[in-house]
Amino acid sequence: MLEQMGAAAKAASYKLALLSSREKNRVLEKIADYLEAQSQQILLANEQDLADARQNGLSEAMLDRLALNPARLKSIADDVRQVCNLADPVGQVIDGGLLDSGLRIERRRVPLGVIGVIYEARPNVTVDVASLCLKTGNAAILRGGKETWRTNAATVKVIQQALEECGLPAGAVQAIESPDRALVNEMLRMDKYIDMLIPRGGAGLHKLCREQSTIPVITGGIGVCHIVVDDSAEIAPALKIIVNAKTQRPSTCNTVETLLVHQGIAETFLPALSKQMAESGVTLHADDKALALLKDGPAKVDAVKAQQYDDEYLSLDLNVKVVADLDAAIAHIRAHGTQHSDAILTRTLRNADRFINEVDSSAVYVNASTRFTDGGQFGLGAEVAVSTQKLHARGPMGLEALTTYKWIGFGDDTIRA
């Protein structure tokens with residue numbers, strides 16, 4: 001089955017690479033329209049997936065990731081329309097010039113070919129990936145989690161109808177519907193057909209892909225994100241940022257998981273934090289110093305376990321640790337962070353500069369929420385992933401990250417001397 005899918009995707013990628021920006025936008029507009037016009041079948045499939053997920057005891061965080069409703073589906077369709085408005089990077093000349101040999105050379109952006117994406121209970125990823133791949137002339141093979149197979153199948157069926165309506169092969173966007181995990185292992189070795197693989201899931205999935213894949217892998221999306229509260233921070237603005245970073249959508253990878261509070265402000269800041277977190281429904285997990293200052297406050301609090309510093313909660317839970325200085329905060333981030341998104345709240349320019357220069361994450365913020373690490377918020381349109389590695393792409397991966405380049409030489413009967 002996967003062999004046939006791979007061959008169909010590769011054949012489709014050759015056709016997609018020849019499309020003009022206008023032709024690609026026409027396809028995307030059709031997909032957006034079809035998603036809205038045929039929303040009932042997608043929502044019905046999603047209801048069935050949700051019912052099974054509840055019966056299987058999935059957490060509220062996972063259920064939130066899985067759930068679709070008319071408003072969310074309309075937002076997904078609108079995101080596709082936004083991709084239409086983005087500049088198409090394919091064909092862009094990056095650089096070049098005339099060589100001493102008389103050869104005129106240029107470096108031009110081209111599609112990667114076929115993108116494989118493995119993801120969990122996030123049905124919006126199906127449309128995000130499909131729209132970005134189509135905009136950049138790439139075919140896509142998608143393998144969503146077993147919790148969303150009905151939703152993904154219904155969504156891809158709608159996308160394929162739009163493709164065929166525009167005279168393009170359905171193989172341009174395909175989904176592996178079977179929940180058989182053996183198919184994941186088979187997919188990891190499809191280097192004959194798939195040019196780049198993107199896993200979007202937990203640490204176990206990333207480890208499997210890094211160790212078993214014969215295809216280049218882009219890893220990321222695991223966000224153990226930190227906010228450092230410096231001793232110069234102002235309490236009210238700091239609390240506003242923390243509430244946003246923790247509660248705006250707790251199940252996302254750019255949600256803050258650990259708060260590092262300078263000891264010089266802890267006695268004043270932590271009681272105020274407890275009050276605010278109680279109002280926001282957040283449970284705190286504190287180290288010894290923080291626990292002593294939080295235990296009499298209104299927020300739920302318990303002693304943090306060492307392992308909790310290394311895991312994503314994806315829920316209304318927050319680690320709190322008191323640190324001696326900025327050096328200690330940076331050391332903690334280096335030991336426990338995932339190079340995703342980290343922030344400092346400070347009114348000291350020197351400390352802001354130090355944090356920017358010394359914290360090696362894909363996104364670093366000064367006096368801002370970590371929730372901004374997102375392709376849409378960065379002006380990239382929908383994102384295919386957030387990369388936390390350093391080669392090819394880093395941070396939110398928009399259109400340019402789905403292209404490579406080729407060197408082109410123009411001669412006039414030119415030969416090498």
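Colleague: How many bridges join strand 7 to strand 12, and in which sense do the two strands run?

Modeller: Two strands pair if DSSP finds at least two bridges between them, and helices (H or I, at least four residues) and strands (E, at least two) are DSSP runs, numbered from the N terminus. Here strand 7 (residues 225–229) is joined to strand 12 by 4 bridges, and the two run parallel; within this pairing, Val 228 has Ile 344 of strand 12 as its bridge partner. This is a predicted model, in which local features need pLDDT of at least 70 and side-chain atom pairs count only at pLDDT 80 or more, while totals for chains, interfaces and linings use all residues. Residues are numbered from 1 along each chain as its sequence is written, and side-chain values use heavy atoms, with hydrogens and water left out.

Colleague: How should I read the two faces of strand 12, and are its residues buried or exposed?

Modeller: In a regular strand the side chains alternate between the two faces of the sheet. Buried means under 20% relative accessible area, exposed over 50%, and partly exposed in between (1.4 Å probe, protein chains only). From strand 12, Ser 341, Ala 343 and Leu 345 point one way while Asp 342 and Ile 344 point the other way, and all are buried. Since 5 of the 5 residues of strand 12 (residues 341–345) are buried, the strand is largely enclosed by the rest of the structure.

Colleague: Which residues lie on each side of strand 6?

Modeller: Met 196, Ile 198 and Arg 200 lie on one side and Leu 197 and Pro 199 on the other, and all are buried. Strand 6 (residues 196–200) pairs with strand 3 (residues 114–119) in the parallel sense over 5 bridges, with Met 196 as the bridge partner of Ile 115.

Colleague: What volume does the largest pocket have, and which residues lie nearest its centre?

Modeller: Rolling a probe the size of a water molecule over the atoms shows where empty space is left. On a 1 Å grid over the protein atoms alone, a cavity is a set of points where a 1.4 Å probe fits but cannot get out, and a pocket is an open set with protein on both sides within 12 Å along at least five of seven lines; lining residues have an atom within 4 Å of a point. Grid points are joined across faces, edges and corners, and a volume is the space filled by probe spheres set on the points. The largest pocket has a volume of about 1100 Å³, and of its 43 lining residues Arg 122, Asn 124, Asp 128, Arg 249 and Asp 374 lie nearest its centre. Helix 5 (70–85) is one of the helices that supply at least two lining residues, and helix 5 gives the most, with 5 residues.

Colleague: What span does helix 6 reach, and what follows the helix?

Modeller: The expected span of a helix is 1.5 Å times one less than its number of residues. Helix 6 has 13 residues and reaches 19 Å from its first C-alpha to its last, close to the 18 Å expected. With 13 of its 13 residues buried, helix 6 is largely enclosed by the rest of the structure, and Gly 137, whose phi is positive, near 75°, follows helix 6.
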